[in-house]
Amino acid sequence: LGQKIPMTTKPEPQPKSEPDGRSRRLMSLSFIGLLLTQLLTAINDNAFRWLAIGIGKDYVEPSQVGTILTAGTACFVIPYLVLASPAGYLADRFSKTHVIIGCKVAEMIIMALGVCAIAADLPAKWNVILLFMVVALMGAQSALFSPSKLGSIPELLRPEKISGANGLFGLATVSATVIGMVIGSTLSEATGFRGQERWWISGLVLISIAIVGLLFSLLIRKLPIANPMRTFPWDAFSQLWADLSRLGSNIPLRRVALGIVFFWSVGALAQMNIDQFAFEGGAIAETDKIPLLISLVLGVGVGSVLAGIWSGNHIELGILPLGAFGVAICSMLLFTAAGVIIEPGS
């Protein structure tokens with residue numbers, strides 16, 4: 001008597017998120033929104049770039065196709081170098097969620113400008129220049145988007161989920177790169193000479209992808225401002241040099257950066273040359289190279305997923321030498337591929 005009888009109660013469910021808002025589940029709503037936003041952004045980037053390259057080929061002689069391929073890649077990549085510091089500033093000074101949404105709105109406007117550049121009735125030289133200026137704007141948008149999207153991952157997920165998230169991001173990015181290349185190549189063929197016969201198809205596809213990407217970005221929860229006191233880096237080039245010096249002095253970070261540079265350099269080289277490789281191997285139409293692109297995305301996609309699984313709940317750097325060795329060996333094996341590799345029209 002007088003003693004309280006303990007009541008049997010069900011254990012309280014574990015919270016799905018920590019007090020700071022980071023989710024214990026990999027596939028949380030915010031992360032799904034971020035992943036799909038990244039997927040659609042990369043698809044549109046590459047679709048428009050390869051559409052511009054396909055259209056640019058119609059403006060030049062066959063001997064100048066290599067110049068068009070190089071220009072398309074350079075216009076897209078150079079903004080990443082120039083805007084590295086401002087992009088980092090935006091990711092720190094404002095909520096990364098707001099930066100991502102702002103970049104998606106900018107993407108819609110840039111895609112509309114791109115369609116206008118295609119449809120414009122200008123002298124051939126100015127059409128090409130205007131088209132690649134829009135490619136550069138798309139590269140600038142992607143450069144400003146990059147630190148916010150990657151910096152959002154550790155703010156959305158617990159540390160033990162980051163390896164899996166990185167694997168999914170790698171899969172989404174490479175898949176989107178190839179999907180975008182297929183869409184861009186298909187559009188350049190479907191819209192006729194110089195893309196002007198049915199330019200509205202390009203507008204419908206590109207602007208629709210941008211709108212859907214914007215809608216998915218709205219699923220990302222509002223993230224806090226990392227550094228509200230940060231000032232704009234007016235000395236962007238000096239800041240870039242300081243960042244590179246800091247990177248060079250940090251041995252583990254330097255090794256990771258060199259690994260990333262190696263992977264994406266080989267990937268960019270493969271993507272640029274897969275076009276020429278296909279046509280020298282028997283392809284006639286732009287769409288004939290799609291089987292090669294599918295092979296590329298399957299390989300990188302499976303590797304990204306396996307890397308996430310094998311890493312477990314931590315960052316496993318031991319996978320890097322294995323992956324680099326595989327990339328190097330497979331690249332050298334391309335030398336053994338000779339003659340007709342694609343039957344025309346197959």
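**Exercise 1. Determine the handedness of the crossing of helix 1 and helix 5, and describe the contact between these helices.**

Solution. The crossing of helix 1 and helix 5 is left-handed, a term for a near helix turned anticlockwise from the far one by less than a right angle. The model is predicted, with local features requiring pLDDT of at least 70 and side-chain atom pairs pLDDT 80 or more, whereas totals for chains, interfaces and linings use all residues. Residues are numbered from 1 along each chain as its sequence is written, and side-chain values use heavy atoms, without hydrogens and water.

Next, consider the geometry. Helix 1 (residues 29-57) packs against helix 5 (residues 124-156) at about 160°, the axes lying 10 Å apart. Helix 1 is therefore roughly antiparallel to helix 5 (angles over 145 degrees).

Finally, inspect the contact (heavy atoms within 4.5 Å). Residues of helix 1 including F31, L34 and F48 meet residues of helix 5, among them L131, M138 and F145.

**Exercise 2. Which residue forms a salt bridge with D92, and where do the two partners lie?**

Solution. The partner is R230, with the closest N and O atoms 2.6 Å apart; a salt bridge requires a side-chain nitrogen of Lys or Arg within 4 Å of a carboxyl oxygen of Asp or Glu. D92 belongs to helix 3 (residues 84-93), while R230 lies in the loop between helix 7 (199-217) and helix 8 (236-249), 138 residues apart.

**Exercise 3. Is E107 buried or exposed?**

Solution. E107 has a relative accessible area of 0% and is therefore buried (under 20% relative accessible area, 1.4 Å probe, protein chains only). K104, its salt-bridge partner, is likewise buried at 0%.

How values were computed
Axes are lines fitted to C-alpha atoms, for helices over the stretch in contact, and angles run from 0 to 180 degrees between N-to-C directions. Helices (H or I, at least four residues) and strands (E, at least two) are DSSP runs, numbered from the N terminus. Angles under 35 degrees count as roughly parallel, over 145 as roughly antiparallel, 65 to 115 as roughly perpendicular and the rest as oblique. Buried means under 20% relative accessible area, exposed over 50%, partly exposed in between (1.4 Å probe, protein chains only).
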